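Here are my notes on the model, as numbered points. Please read them with the structure open.

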Amino acid sequence: MQAIVLTNEKQLPEFIEVDAPQPKEGEKIVQLKAAALNHRDVWITKGLYPGIREGIILGADGMGKVNDRRVLINPNINWGDDEAVQHFAYHILGMPTNGTFAEQIAVPEDRLHDVPKHLNDEQAAALPLAGLTAYRATFTKCQIKKGDRVLISGIGGGVALMACQLAIAAGAEVYVTSSSAEKIEKAKKLGAGGGFLYTKKDWWKGLMEEVGGVDVVIDSAAGDGFANFAKICNPAGRICFYGGTRGKINNLNPQLVFWKQLTIMGSTMGSDEEFAAMVDFVDQHKITPVIDRVFELSDARAAFEYMDSGGQSGKIVLRM
């Protein structure tokens, strides 16, 4: 079969012929129809991910068919029994085990969920990682509820967009930040109440004047700008971050944190129970993941280059 394989560390993967997977006991062969890129796939090709092994099929997001059943793949491997934190042996499809950028994959049967009927193949493939990460940050960690005022930073990424959609569906009042006015406008079309350019000096003051503070912040980047979130949080506010692409958190005022009784949380991925709950929530509210572009599997290198450019607003999908 054909697949996208990391043949050399710190290089783009190659589209090559590999052996078809042989299922072990309890596994099913999924005939993949679509898969989606995540930033981790790009980081792997740059050597910026733990446990990298050459010769692995990349990709964690995917959907396909088992006989006539349309299935969504839960990419979690060995989350463990503790809902609060993943097991030390936890990993995700696509590194260090073979992933979804191929025509077939063998996965344990309990990884398979029915695709919500309102989603087409590409939309379904875009859901797993972004949906799970956003669901845990939005509901498990931040306990977002109807009437909460929420800020989603760095809108345009798959997780940020999904968090925006989940929070809106839950009845929250959602605002966003971005370096792109176009991405802010797209978020407003999804139902966001407004947005702010974080490239503008003291952007947070504009938010305070217009909105008057937020109850929840969901962030993807950390870095120097993170300190502003404590300034805009209402008392008992919750701040959750699931990424650190902008580096270490500097200049965070501890007095603001303890005097406002703020809670700052880190989050990554989510448990199998949260994955099932996320799929049910998406089905119930008929949420559709935002897709930026679709590439053929054979053109995956171009898809990697496009993601690395950072210009996308939504998920990048590979079609088999």
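1. A salt bridge here is a side-chain nitrogen of Lys or Arg within 4 Å of a carboxyl oxygen of Asp or Glu. Helices are DSSP runs of H or I, at least four residues, numbered from the N terminus. The model is predicted.

2. Start with helix α5 (residues 181-190): Glu182 and Lys186 sit 4 residues apart, so about one helical turn separates them. They form a salt bridge, with the closest N and O atoms 3.8 Å apart. Glu182 is exposed at 53% relative accessible area. Lys186 is partly exposed at 36%.

3. The whole structure holds 16 salt bridges. One of them joins Asp308 to Lys46, at 2.7 Å between the closest N and O atoms. This pair spans 262 residues, from helix α10 (residues 300-309) to the loop between α1 (39-45) and β4 (56-57). Asp308 is partly exposed, at 42%. Lys46 is also partly exposed, at 37%.

4. Is the Arg136 and Glu274 pair buried or exposed? Both residues are buried. Their side chains meet in a salt bridge at 2.8 Å, N to O. Arg136 belongs to helix α3 (residues 128-141) and Glu274 to helix α9 (residues 272-285), 138 residues apart.

5. A salt-bridge network links Asp110, Arg111 and Asp272.

6. Now the sheet. It is open and parallel, with 6 strands ordered β13-β12-β11-β14-β15-β16. β13 (194-197) and β16 (263-266) are the edges. Twist averages 20° from one strand to the next. Helix α4 (residues 158-169) packs on the sheet and touches β11, β12 (173-178) and β14. Helix α6 (residues 203-210) lies across β11, β12, β13 and β14, at about 155° to β13.

Terms used:
Residues are numbered from 1 along each chain as its sequence is written. This is a predicted model: local features need pLDDT of at least 70, side-chain atom pairs count only at pLDDT 80 or more; totals for chains, interfaces and linings use all residues. Side-chain values use heavy atoms; hydrogens and water are left out. Two strands pair if DSSP finds at least two bridges between them. Helices (H or I, at least four residues) and strands (E, at least two) are DSSP runs, numbered from the N terminus. Axes are lines fitted to C-alpha atoms, for helices over the stretch in contact, and angles run from 0 to 180 degrees between N-to-C directions. Contact means heavy atoms within 4.5 Å. Buried means under 20% relative accessible area, exposed over 50%, partly exposed in between (1.4 Å probe, protein chains only).
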